[in-house]
Amino acid sequence: MVGLFCIVLFASAAILAPLIAPYDPYAMNGSSLDAPSLTHLFGTDLLGRDILSRVLYGAQISLFVGVGAVAIALVIGGALGAIAGGFGGRVDGVIMRTTDVFLSIPSILLAIGIVTALGRGMPQLTLAIAVSYAPTFARLLRGSLLALREADYVVAARTIGASRLRILVRHMLPNALTPLIVQATLVLATAIIDIAGLGFLGLGPTDPRTPEWGTMLVDARRFMQAAPHIVIFIGGAIVISAIGFNLLGDGLRESLDPKLKR
Amino acid sequence: MSREPLLTVKDLAVRFPIREGLVRERTVAEVRAVDGVSFEVAKGEILGLVGESGCGKSTVARAITRVVKPNAGTIDFDGQNLATAEGRELHELRRRVQMIFQDPYASLNPRMTVGAILREPADIYNVGTSAERTGRVAELLELVGLDPRFAERYPHEFSGGQRQRIGVARALALNPDLVVADEPVSALDVSVQAQILNLLAELRQRLGLAYLFIAHDLSVVRHISDRTAVMYLGKIVEVAPSAELNSSPVHPYSIALLSAVPIPDPAIEKKRKRIILKGDVPSPSNPPSGCAFQTRCWLKEKLGNPERCNTESPQLVQVSTGHQVACHFPDKV
């Protein structure tokens, strides 16, 4: 429930940002490094921009890049996992060894490598995070498919003459998707942190004025002593959204997993 | 009943390799799940197959339904060899050999409606028009004593007995000649067991089906089957008409098994002698030499451990009409 509340807060902030943000996130509306007040609820940054508005627009970036990245990872990883788990044999071996290689590299490092290779920018950032999480999904789906291969209803489908493809699509995949959906919500939390992390390392959006949480955090870090509120509000936003997706994932796992239901 | 054989299994063997090695996998040993099994099922006949868990009963079922491919032997089904069939030939043969599973909770896809489950066989084999298939679903549900309106529901809405009826209906969808029932009632409550057994017996009468009925419960097999085969460690040790096996078993293992069936009469129950087998079933990856049963055989002990039991594997021999036994000393019991 807490998770759902955090997500609703985060998602509505992201979607409604243009409507509810009190100021233009790019414009200078006050003096430098103002403390929180009624005119600027979260205070202002070095250039006098409203932090609340920037945090709201930042949520938008995190949500879009995060959801986009997880969606791409789910499609790539899901396809690979379905092929590996559904057909087995040599194909399975090749796909799984490849994912092993990717999994042995820390995801943030892999993302850094990809952004460095492809250049900075939003699409590249999305793709980098997608590629670093695809192997997780591939492994997960393959695992559930392997467990299902010996399930009675899958054997039953074989005895009524169903083709491999039919068994995979009609009997195995629908029963293997639940853990994948749960994992996707959990990965979304990590993805949001990764986006901020890449931004913090200077690999975020090309335009330095973009209200991306990680980029904003770097700027604010220098004034941590003088204006701690900036770091606290931005950090708080990251923490709430990440915890939200984590709790939502746990909740989904409990409500979707038939084994826990019984 | 006609004696024309529908299914003739000869020297069937199914072995599962045990692999070891990280980089290069080598086969270090193998489990002989089924080790030279032969039997026949006539048209319209029910053959019971009994044995302890792990003796290879289910593997026989899986070989006949070709879920696993046998390593050796032939499975002659109405003139065609099921053991080696592939592609189209196998696809067409599958229609005629269907299976009922043990666990009615695991054998129905939880994400499909009952209607979709029962329709699928017809969809796969392109039987009839769409409307005919829907009609067939209702027909099947009625056949197994369920309300045709259940077609829209999901498996989790049903009890174990109802689910097993759905499993039976699925097996009948393609009008098979042979139904392999792998412990179809052992997961059910005793009160429901009788219902399913009666349903299976009734369907046999109405549709002229033959069953290979697998169970570990002798009283269940006795109730339904015409003939009974007893399996031990991947081999058939005795086959006889069910009544005869019950009244005069010959193989020491069958005798021990039957002596364990409780009799619902305290007076008789008190007097009769039970034979309790010592030890466990040997591992099928390392079966004993000679007779598979020699490590636990009470008859061997009584006869003073004859050498023949250790060295020679007994073949099935006829002791009376339709009664075969794999024991070196069938007359010493």
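**Entry 1: helix H5 of chain B.** I looked up helix H5 (residues 160–172) of chain B and found that H5 lies across E6 and strand E7 (178–182) of chain B. H5 runs at about 175° to E6(B), where axes are lines fitted to C-alpha atoms, for helices over the stretch in contact, and angles run from 0 to 180 degrees between N-to-C directions. Helices (H or I, at least four residues) and strands (E, at least two) are DSSP runs, numbered from the N terminus. I note that this is a predicted model, in which local features need pLDDT of at least 70, side-chain atom pairs count only at pLDDT 80 or more, and totals for chains, interfaces and linings use all residues. Residues are numbered from 1 along each chain as its sequence is written, and chains are lettered from A and ligands numbered from 1 in the order in which they are written.

**Entry 2: the sheet of chain B.** I traced an open sheet of eight strands with mixed pairing, in the order E6-E7-E8-E3-E9-E10-E12-E11; two strands pair if DSSP finds at least two bridges between them. Strand E6 (97–100) and strand E11 (317–320) of chain B each have a single partner strand, so one side of each is left without a neighbour in the sheet. B:Leu49 has B:Ala229 in E9(B) as its bridge partner.

**Entry 3: the two chains.** I recorded that 13 residues of chain A are in contact with 20 residues of chain B, contact meaning C-beta atoms, placed from the backbone, within 7 Å. H6(A) gives the largest share of chain A's side, six residues.

Note on methods
Contact = placed C-beta atoms within 7 Å.
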